[in-house]
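Subject: Structure for your review

Dear colleague,

Please find below the structure that I am handing over to you.

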Amino acid sequence: MGMEFLPDRPIYQQLIEHIIGEMIRGAIAPGEKLPSVREYALKVGVNANTMQRVYKELEQMEVTETRRGQGSFAVKNEQKLQEVREDLKEQLVASFMKKAATYGFTAEEMAHHLKVRGQEDD
Amino acid sequence: MIELHEASVKYGRRLAISNITMTVERGKFIGLIGSNGSGKTTLLKVMAGLLTPDSGRAELSGESMTRGAVKRVAYMADTEDFFTYLNTKQLFDYYESQFPDFDRVKAISVADFLRVPMDEKLKNLSKGSKGRAKIAATFGREADFYLLDEPFSGLDPMVRREIAQGLIQYADPERQTVVMSTHEIQEAEPLFDQLFVLCNGELIAENTVDGIRDEYNMDTTSWLVSLFNKRA
């Protein structure tokens with residue numbers, strides 16, 4: 001109805017990843033004010049409870065901060081964002097390698113293929 | 001909180017709902033799922049205090065549910081014949097005369113948000129506009145519970161989307177609960193916190209949307225399919 005969600009994971013998790021992605025890519029600048037819970041809920045088509053949970057978890061991850069009466073802001077401290085970025089990279093690679101190992105692909109083989117694919121996409 | 005304890009309703013000999021025990025908390029967005037004839041409308045009417053269970057109990061905030069519940073519960077029926085000879089303004093007048101919690105400013109704001117024609121008689125409105133007018137009147141009330149019977153039924157995707165946005169905008173999840181029945185499960189899933197599933201008048205499952213996704217790694221639609229396959 002708004003955003004499309006993948007079927008295999010909680011909606012709030014996908015929204016957390018989406019917003020962190022926007023911060024890492026710079027679509028949300030450091031220190032930028034996020035839309036209100038209600039505005040964001042309307043934009044993506046989820047209820048305000050779900051959005052409230054997303055904002056709360058982002059705050060707990062220390063990538064946003066809530067200022068009283070003003071709303072939520074992306075943190076200015078880019079180091080925290082870099083940490084989250086590195087964590088995400090590690091998680092992605094770990095799950096990718098686990099799957100690759102299931103099919104008997106070696107890390108080297110996959111790294112080579114990734115490189116080739118990366119060049120094709122450029 | 002609305003609570004049902006082993007509530008059953010009979011129409012003649014047929015059990016419309018059977019032995020249902022459930023709790024509807026404040027501040028939730030709840031989907032009521034089930035095929036036609038599964039008892040959704042009957043259940044909503046019991047929760048609204050419009051039907052008294054033949055056995056078992058229905059309670060609102062710990063007290064026996066009576067027709068007086070209507071003061072705190074806004075029920076929206078799934079009907080096409082909705083005050084057909086009134087226009088939206090007159091519909092609001094009527095709601096104002098009936099419900100002390102009706103807030104005309106809010107109703108007009110919802111009507112504006114949903115672009116409801118104000119001066120046309122409801123019978124002359126398109127299905128989509130009629131559906132939106134019903135939502136505006138219902139959410140014009142500052143009720144604790146909004147019970148909506150098939151608010152999406154017979155409406156095109158654009159209108160469904162607008163109505164969904166109206167629900168997100170005008171229900172305050174800090175203190176208000178929305179319970180709605182729908183067949184548009186895939187589309188409505190992101191709106192819901194929690195689901196109750198009915199089959200042949202029985203409550204066969206309840207879960208949260210993110211709980212289903214977390215536990216089974218599937219969306220609500222796939223979960224429902226597996227649920228019904230298991231029973232078949």
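The notes below set out the conventions and then the findings.

This is a predicted model, in which local features need pLDDT of at least 70 and side-chain atom pairs count only at pLDDT 80 or more, while totals for chains, interfaces and linings use all residues. Residues are numbered from 1 along each chain as its sequence is written, and chains are lettered from A and ligands numbered from 1 in the order in which they are written.

The nonpolar core

The largest nonpolar core has 86 residues. Such a core is a set of buried Ala, Val, Leu, Ile, Met, Phe, Trp, Tyr and Cys residues joined through C-beta atoms within 7 Å. A residue is buried if 20 or more other C-beta atoms lie within 10 Å of its own, exposed if 12 or fewer, and partly exposed in between, with C-beta atoms placed from the backbone. Among the residues with the most contacts inside this core are Leu32(B), Met47(B) and Tyr146(B). Leaving aside neighbours within four places in sequence, Leu32(B) is in contact (C-beta atoms, placed from the backbone, within 7 Å) with residues including Leu43(B), Val179(B) and Phe196(B).

The contact between the chains

Chain A gives 16 residues to the contact and chain B gives 19 residues. On the side of chain A that touches chain B, helix 1, helix 2 (37-44) and helix 3 (48-60) of chain A each give two or more residues. Helices here are DSSP runs (H or I, at least four residues), as are strands (E, at least two), and both are numbered from the N terminus. Helix 2 of chain A makes the largest share of that side, three residues. By class, the side divides into ten nonpolar, three polar and three charged residues. Ala, Val, Leu, Ile, Met, Phe, Trp, Tyr, Cys and Pro count as nonpolar, Asp, Glu, Lys and Arg as charged, and the others, Gly among them, as polar.

Helices of chain A

The axes of helix 2 and helix 3 of chain A come within 9 Å and cross at roughly 115°. Axes are lines fitted to C-alpha atoms, for helices over the stretch in contact, and angles run from 0 to 180 degrees between N-to-C directions. Val37(A), Arg38(A), Tyr40(A) and Ala41(A) in helix 2 of chain A meet Ala48(A), Met51(A), Gln52(A) and Tyr55(A) in helix 3 of chain A. This contact has six nonpolar, one polar and one charged residues.

Lys33(A) lies in the loop between helix 1 and helix 2 of chain A and counts as partly exposed, with 14 C-beta neighbours inside 10 Å. Not counting residues up to four places away in sequence, Lys33(A) touches Gly71(A) and Phe73(A).

Helix 2 of chain B

In helix 2 (residues 88-98) of chain B, Thr88(B), Leu91(B), Phe92(B) and Tyr95(B) are buried. Seen down the helix axis, these buried residues fall within an arc of 100° (taken from the directions from the axis to the C-beta atoms), so they line one face of the helix. What covers them includes helix 3 (104-113) and helix 4 (127-139) of chain B.

Backbone angles

Glu6(B), in strand 1 (residues 2-11) of chain B, has a positive phi of about 45° although it is not a glycine. Ser61(B), in the loop between strand 4 (55-60) and strand 5 (63-64) of chain B, has a positive phi of about 50°.

Yours sincerely

Definitions and conventions. Contact = placed C-beta atoms within 7 Å.
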